[in-house]
Amino acid sequence: MKIRAGVLEHGFARLMREAQCGERMDREGEIHNGFCIAHDGVLDYVDLQKHTGGSSVLVYGQTELTRDLYEARDRLGGKVVHNAEDVTPHDIDSGAPFVTYRVGGETMRVDCDYVIGADGFHGVSRKSIPADKLREYERVYPFGWLGVLSRTKPVSPDLIYVKHERGFALCSLRSQVLSRYYIQVPLTDKVDDWSDDAFWAELKRRLPVEVAERLITGPSIEKSIAPLRSYVAEPMRYGRLFLAGDAAHIVPPTGARGLNSAASDIYYLYHALLDHYQNGDDRGLDGYSARALARVWKAQRFSWWMTMLLHRFPDRLAYDDMLQQTDMAYLLSSESALRSLAENYVGLPF
Ligand code: PHB
């Protein structure tokens with residue numbers, strides 16, 4: 001299983017509590033009041049609390065979240081179908097859409113009021129919207145992240161985002177005994193090219209000396225390469241189909257926005273459906289795509305900016321390098337710029 005990031009913005013945490021799924025998250029999640037940026041051999045602290053007037057983020061693994069949501073679904077007696085094949089939405093532009101799928105050789109049909117396509121980037125939902133009704137925006141970055149999970153004490157209680165001339169690195173964590181580290185690698189690299197020793201050696205090279213000296217290494221328990229991509233599909237509604245999360249948009253992981261952007265779609269949809277079923281008010285459903293996309297694009301902008309700020313781009317101009325250095329120098333010298341970073345990192349209001 002993929003071990004995904006878990007930096008939750010406070011609005012997402014609130015949504016989990018509202019859905020009565022937040023108990024273990026509040027017990028086991030770690031509040032992070034800031035994070036570090038390493039550059040030019042030094043470490044700077046970005047104080048999220050100070051720059052947002054009291055906000056922070058919660059570090060809680062995505063796999064843990066999934067577990068809590070499954071358990072909540074079970075408590076409600078909800079039905080979850082696993083291993084469904086040939087899932088196909090039908091008649092989504094009519095008043096009576098339905099979804100068919102196959103399990104164990106049997107074809108099943110679910111008649112729906114609405115279909116929520118929260119089936120990821122490679123899912124069928126987005127693909128069932130006619131191509132001439134969909135507009136896609138995309139940027140693919142010329143590198144990936146090689147990530148390692150290890151049962152070691154994290155090098156720092158705070159996340160450390162590293163800008164280095166050999167490439168970006170990130171020190172993150174899942175718990176006090178489980179560390180997650182990443183290094184930027186060329187897209188042509190394969191996981192098998194990287195032994196654990198080679199990974200640790202390269203990570204150390206990119207960290208400030210005093211951090212590298214403290215780094216505790218160990219065998220990797222997971223190792224994978226993720227390409228970086230920015231992607232948005234518009235609109236997020238077609239007929240009675242509503243797209244949510246990666247089915248409609250992808251961000252590079254740099255700003256920790258992916259999971260949070262999915263959550264804000266669900267926030268809008270949840271309230272829109274409540275308004276529809278409780279009050280017969282369809283304004284939320286009708287405005288869903290525009291409202292969700294307005295926030296999605298802000299997360300796109302922020303993730304793109306963090307990615308441009310921190311990575312080494314092959315074939316860049318000397319001019320681009322100077323701009324990148326200046327971007328960093330400006331950020332760390334300006335209260336306004338730090339406030340903007342912090343405001344986006346803890347999550348813009350819904
Ligand atoms: C992670 O812990 O996997 C992680 C944290 C922050 C990011 C990206 C990934 O921005």
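**Cavities, a pocket and the overall fold**

About 40 Å³ of space lies in the second largest cavity of this predicted model. A cavity is a set of points on a 1 Å grid over the protein atoms alone where a 1.4 Å probe fits but cannot get out, and lining residues have an atom within 4 Å of a point. Volumes are the space filled by probe spheres set on the points, with grid points joined across faces, edges and corners. Residues are numbered from 1 along each chain as its sequence is written, and side-chain values use heavy atoms, without hydrogens and water. Local features need pLDDT of at least 70 and side-chain atom pairs count only at pLDDT 80 or more, whereas totals for chains, interfaces and linings use all residues.

**Second largest cavity**
- The residues lining the second largest cavity are Val-7, His-32, Gly-34, Phe-35, Val-57, Val-59, Leu-159 and Tyr-345.
- At least two lining residues come from each of β3 and β5 (57-59); strands are DSSP runs of E of at least two residues, and helices are runs of H or I of at least four, numbered from the N terminus.
- This lining has six nonpolar, two polar and no charged residues (nonpolar: Ala, Val, Leu, Ile, Met, Phe, Trp, Tyr, Cys and Pro; charged: Asp, Glu, Lys and Arg; polar: the others, Gly among them).

**Largest cavity**
- By class, the lining of the largest cavity divides into three nonpolar, three polar and four charged residues.

**Second largest pocket**
- The second largest pocket has a volume of about 310 Å³; a pocket is an open set of points with protein on both sides within 12 Å along at least five of seven lines.
- Of its 19 lining residues, Asp-40, Lys-163, His-164, Glu-165 and Gln-324 lie nearest the centre.
- Helix α10 gives the most to the lining of this pocket, with three residues.
- Six nonpolar, six polar and seven charged residues form the lining of the second largest pocket.

**Whole chain**
- The protein chain comprises 11 helices and 17 strands.
- Its C-alpha trace spans about 60 × 45 × 45 Å along the principal axes.
- Buried residues, those under 20% relative accessible area with a 1.4 Å probe and protein chains only, make up 47% of the 350 residues.

Key. Buried < 20%, exposed > 50% of the residue type's maximum accessible area, 1.4 Å probe, protein only.
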